[in-house]
Amino acid sequence: MGGGSYSRKKGARSKIKKYKRKTWLCNRARDTDQIQDEIEESQVTGVPADKFEFDDELPGGGQFYCVETGQHFADAKALADHKKSRYYKRRCKELKEEKYTQEEAERAAGMTKEKLPPAHGAMKT
């Protein structure tokens, strides 16, 4: 008879590929492009991006939101401490950079449609 203890070792689940992928996706931060779009949209509409209606599901009722990192906090002190952190400062620096566009990606891949001059000069007839 078993002693009621769990038969697997403590770190056994970390080797399972599906488990790793699932936990990584749950805790993944929002991309900078998404946050930049959200900030631009709030500037166009005039509604601040950090204002939410009260929601019991979110930490702090959704009232303490950091736009730059896309995270909700339980109270104002936690939000203030977060804004002093290295992660927040790095994220703000990333958001100041220009957005990476599809045109820029194509240019980097060498898919441009630039007109080149003829290699041997113009042909005369």
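Salt bridges in a predicted model

Reader: How are lysine 77 and aspartate 81 separated in helix 3?
Author: This is a predicted model, in which local features need pLDDT of at least 70 and side-chain atom pairs count only at pLDDT 80 or more, while totals for chains, interfaces and linings use all residues. Residues are numbered from 1 along each chain as its sequence is written, and side-chain values use heavy atoms, with hydrogens and water left out. Helices are DSSP runs (H or I, at least four residues), numbered from the N terminus. Because lysine 77 and aspartate 81 are four residues apart in helix 3 (residues 76–82), their separation is about one helical turn.

Reader: How far apart are the closest N and O atoms of lysine 77 and aspartate 81?
Author: A salt bridge is defined as a side-chain nitrogen of Lys or Arg within 4 Å of a carboxyl oxygen of Asp or Glu. Lysine 77 and aspartate 81 form such a bridge, and their closest N and O atoms are apart by 3.1 Å.

Reader: Is lysine 77 buried or exposed?
Author: Buried means under 20% relative accessible area, exposed over 50%, and partly exposed in between (1.4 Å probe, protein chains only). With a relative accessible area of 56%, lysine 77 is exposed.

Reader: Which parts does the salt bridge of lysine 99 and aspartate 37 tie together?
Author: The side chains of lysine 99 and aspartate 37 meet in a salt bridge of 2.4 Å, N to O. The pair ties together parts that are 62 residues apart in sequence, because the two residues lie in the loop between helix 4 (86–96) and helix 5 (102–109) and in helix 2 (residues 32–45), respectively.
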